[in-house]
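Have a look at it first, and then we'll walk through it.

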Amino acid sequence: MTETNPSNDQETIEADVADKDPLFARIPRRDFMKAGAAAGAMGSLAGCTSLLDDSNDHPTAGEVDATVPPGEHDDYYAFLSGGHTGDIRVYGVPSMRQIMRIPVFNMESARGYGFDDQTQEMLEEAGGYTWGDTHHPRPSQTDNEYDGEWLFVNDKANGRMARIDLEYFETDAIIDLPNQQGTHGACALMPDTRYVFGVGELRVPIPNDGRDLDDPSEYGSTLSAMSPDPFDHEWDVRVDCNLDNGDSGKEGEWFFTTSYNSEEGVTEEEMTSADTDYVVAFNIPRIEDAVEAGEYDEINGVPVVDGTEDSPLNDGDEPLVRYIDVPTNPHGVSVTPDGEYAIASGKLDPTCTIIEIDQLNEVDDPNDAIVGRVNVGNGPLHTAYDDRGHAYTTLFVDSQVVKWDIEDAVDAEMGSEDPVIEKHDVHYSPGHLIAAESYTGSPQGDWLIVLNKLSKDRFLPVGPVFPENDQLFYIGDDDAGMELVKDTPAYPEPHDASIVRADRLDPASVYDPDDLELDYISADDEDNFIERDGDEVHIEMYNTRNHFGFEDITVQEGDEVTIRTTNIEEEEDILHSLAIPQHDVNVKTAPQETREVTFTADEPGVYWIYCAYFCSALHLEMRSRLLVEPAD
Ligand code: CUK
Ligand code: CUA
Ligand code: CA
């Protein structure tokens, strides 16, 4: 079933964009209405043509109820990247209610993130940048299923990877990858999250220390491998081309990325000059063997294995890295739930290329592992999966989501459109899409979020910066086809998401003091003190409704003051903060949480310490005085 949104003049929008965007202009335009009608006809046949058993227990489309009444919980968590706000947003699915934000590469005062000593140090040690660009939030898996432990996400801006602890929904580690300038793709190695990979997009000299400034043939990029826990940088593999998106095979052997710059160019013209680029397949056990055998150069403290095409390590029967030719400038790559195929989306080519993963160990020419190429339409970017053998691909240029049959695409002729089951119009160019537990061994097959770039006229106007648009589709009824059920504006600009069944997570509702690095400060007198050592003053005090451990804290002008404080509340959802605005301090403490903050008392005077979280009727009275005595 194909729907067009009557409130948009799609052809006008597309023509308008084609004028301004060379990518659009160079791709042949399809006849939008005609293709839509044809897709509708195909959609109605879907139930008869599919070879799949459609005896799934999902409700049929007419019965779908995506409302979640007040007070009731959603079935899924969705973790959406915030883009260059640097954070992660947590939605409930199917309500599409935003239920939390997790700061990652950004400072965030309401959560005290970047304000207390610990998170400040973490951000400082990760490069000291004030912002990042999150794109690909990927949860950890055990045995190819989400295990609810961690969420990993890249920083496309500064070449970093972060780990979010899903017990406390907070960022607890960031790694600055010294040999990557921008980390784009992010994904763990399956089935058991043995590694977390950061995929380097921007080619630079390695090391980037002033050498080879204007000799792009010497530039390269890396795939960086980190251990999940502790979150440590283990090794890099160097390649000559760039790397873009990435996904893992299901058996711990292969990791796939796309590359759109096999030309090793530095301009758009150069980067799009060749007819083909790569899917790059990394053989992880062989790379580990090379690291083990010392076959690497240490660069910026990291073992870097040579995975370039001319590397001696790629000679012979067991190459570390295989380069598979795909049509020019591909984009997303994702592995099917059964682990059989890696599917790369064409971007500048209207096809998705299907690579049979097992063949990579059989064939001499890696191009012989290509077993299918389905013509999905113009501008394919990303592909997600359901539990019934279908793939769903976004078409950035045609403004559609395409549903197609994976095995039909393997059986069909190269370039055939026959495997396409349905094309669903969306009102604007979609980027990522993600189905529930799509990139695990067991997708749920009910919900699909499509992230539309640009929202045009969907919502009340709010000035020239428009919200983005996240749309929820029900995909559980193959007879009825994809059904748009929710349309949610999003603060700019989510790129990608992961959808995790709610029962896989077990979040804490109060802190366990044993999980924290800082000692708990109880209300006992001996736990609460003000101590001076030279011009350093150390204060430990508890906080609770409606006071801090000390009513007055007296220090000298110029003192370096460290305050450690524990929220001793045991009742859920009673948060306090320790705010000293004139010293740029706002540290939140959730129940049973201890935090510490250090600042210099550089101006004499009286400074009110207050609690910024509304915590009771006497919240405004929850305050103490910082008295800074003038230096003599
Ligand atoms: S990606 Cu990051 S800029 Cu995830 Cu399709 Cu495009
Ligand atoms: Cu504690 Cu307001
Ligand atoms: Ca290219």
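How much of residues 534-632 is helix and how much is strand? The chain there is 0% helix and 55% strand, counting DSSP runs (helices H or I, at least four residues; strands E, at least two) numbered from the N terminus.

## Ground rules

This is a predicted model, where local features need pLDDT of at least 70 and side-chain atom pairs pLDDT 80 or more, while totals for chains, interfaces and linings use all residues. Residues count from 1 along each chain, chains are lettered from A and ligands numbered from 1 as written, and side-chain values use heavy atoms, without hydrogens or water.

## Two domains

Twelve residues on each side are in contact, meaning heavy atoms within 4.5 Å. About 1,000 Å² is buried between the domains, 36% of it from carbon and sulfur atoms; that is the accessible area (1.4 Å probe) the two parts lose on being put together, summed over both. On the domain 1 side, F115, D117 and Q118 lose the most, together 46% of what that side buries.

## Salt bridges

Two salt bridges cross the interface, each a side-chain nitrogen of Lys or Arg within 4 Å of a carboxyl oxygen of Asp or Glu. Elsewhere in the list of pairs, E170 forms a salt bridge with R595, with the closest N and O atoms 3.8 Å apart.
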